[in-house]
Amino acid sequence: MSNQHKHPTISFRISDAERKQIEARILASDMMKKDYFVRSCIHNRICVVGKKETIYPLVQTVNALYLQLLEMQKAFTTPNCTPDTLPTSEALKDLHIEYTNMLTAIIDLLDGAKYLWEGDCHEQ
């Protein structure tokens, strides 16, 4: 049982210079290495580099999410909606967690990419 992990492992390769920079930041943060990586991955700002076309697949995902949410709204608000046709509260909790995580990631990505369209809107 000692070789079994409760949670998956994430790993990646870095250069010696990157490793030194990361270790310096971990030391300055006074956090455990695991906590530093988790917080960095979840809370740091995402910067998308590229052209507007680069984020088009993301825009398509947001549109698909929008359409799916519209369908859910219709399902919950139709006159023939009964307790038997609604998802269970456990399924709703799982769905809430999935959508919250997805929306947060999409918002963070779009926030990091907004310079792609902000320049166009504010130039006169």
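Two residues are in contact when they have heavy atoms within 4.5 Å of each other. Keep that in mind as you look at this predicted model, in which local features need pLDDT of at least 70, side-chain atom pairs count only at pLDDT 80 or more, and totals for chains, interfaces and linings use all residues. Residues are numbered from 1 along each chain as its sequence is written, and side-chain values use heavy atoms, with hydrogens and water left out. Among contacts in the protein chain between residues at least 6 apart in sequence, 69% join residues at least 24 apart.

**Overall build**

- The protein chain contains five helices and zero strands, where helices (H or I, at least four residues) and strands (E, at least two) are DSSP runs numbered from the N terminus.
- Read from the N terminus on, its elements follow the order α-α-α-α-α.
- Of the 124 residues in the protein chain, 10% are buried; buried means under 20% relative accessible area, exposed over 50%, and partly exposed in between (1.4 Å probe, protein chains only).
- The accessible surface of the protein chain is about 11000 Å², with 58% of it belonging to carbon and sulfur atoms.

**The largest pocket**

- A pocket here is an open set of points on a 1 Å grid over the protein atoms alone, where a 1.4 Å probe fits and protein lies on both sides within 12 Å along at least five of seven lines; lining residues have an atom within 4 Å of a point.
- The largest pocket has a volume of about 600 Å³, a volume being the space filled by probe spheres set on the points.
- Its lining consists of 16 residues, and I10, F12, K34, F37 and V38 lie nearest the centre.
- Helix 1 (16-29) and helix 2 (33-43) are the elements that give two or more residues to this lining.
- Helix 2 gives the most, with six residues.

**Aromatic rings**

- Rings of Phe, Tyr and Trp (its six-membered ring) pair if their centres lie within 6.5 Å; planes under 30 degrees apart count as stacked, over 60 as edge-to-face and the rest as tilted.
- By this rule there are two aromatic pairs.
- In one of them, F12 and F37 sit edge-to-face, at 6.3 Å centre to centre with 85° between the planes.
- This pair links distant parts of the chain, since F12 is in the segment before helix 1 and F37 is in helix 2, 25 residues apart.
- Y36 and F37 also form an edge-to-face pair, because their ring centres are 6.1 Å apart and their planes are at 70°.

Terms used. Accessible areas come from the Shrake-Rupley method with a 1.4 Å probe; for residues, only the protein chains shown count as cover.
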